[in-house]
Amino acid sequence: MAETDWDTVTYLRKKAPTASQARSSKAVSAAKRQGQEVETSKKFNAATNKQKSASRDTAKLDRETEELHHERVSMDVGRVIMKARGEKKLSQKELATKVNEKPQVVNDYEAGRAVEKLDW
């Protein structure tokens, strides 16, 4: 058997630099000195908290959301579901299981919070 020196350690490759290390000015300068291609770009208005047209857009959005809303099911539908469920002696969870829905959906319909679904 060949003699082996157990005290020497050989690294096959170095650990790759992290993203922040690769972007540092030191790393960019070293890459330029080695003649490697370096792409740099300046981000304008980066890290500023200026929102010039946001207030105008927000006001417009507020006006629109007051006029546009989803139609909800009427409370009559909820009462009918609740009455039928009571006659069958089913809980909301049992009814939801039978119609392949979540119990929260049945609860929303009975409370009048469910949004009407339009079937085209």
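Is R113 buried, partly exposed or exposed? R113 is partly exposed, with a relative accessible area of 43%, where buried means under 20% relative accessible area, exposed means over 50%, and partly exposed lies in between (1.4 Å probe, protein chains only). The model is a predicted one, in which local features need pLDDT of at least 70 and side-chain atom pairs count only at pLDDT 80 or more, while totals for chains, interfaces and linings use all residues. Residues are numbered from 1 along each chain as its sequence is written, and side-chain values use heavy atoms, with hydrogens and water left out.

**Salt bridges**

- A search of the whole structure finds 3 salt bridges, a salt bridge being a side-chain nitrogen of Lys or Arg within 4 Å of a carboxyl oxygen of Asp or Glu.
- R113 pairs with D108 in one of them, at 3.1 Å from N to O.
- R79 and D76 form another, at 2.9 Å from N to O, and both residues lie in helix α4 (residues 75-87), 3 residues apart, or about one turn of the helix; helices (H or I, at least four residues) are DSSP runs, numbered from the N terminus.

**R85 and its surroundings**

- R85 forms a salt bridge with E110, whose closest N and O atoms are 2.7 Å apart.
- Because R85 lies in helix α4 and E110 in helix α6 (residues 103-111), the pair ties together parts that are 25 residues apart in sequence.
- Both R85 and E110 are buried, and R85 has 15% relative accessibility.
- Leaving aside neighbours within four places in sequence, R85 is in contact with L90, S91, Q92, L95 and E110, contact meaning heavy atoms within 4.5 Å.

Notes: Helix = DSSP H or I, 4+ residues; strand = E, 2+ residues; numbered from the N terminus.
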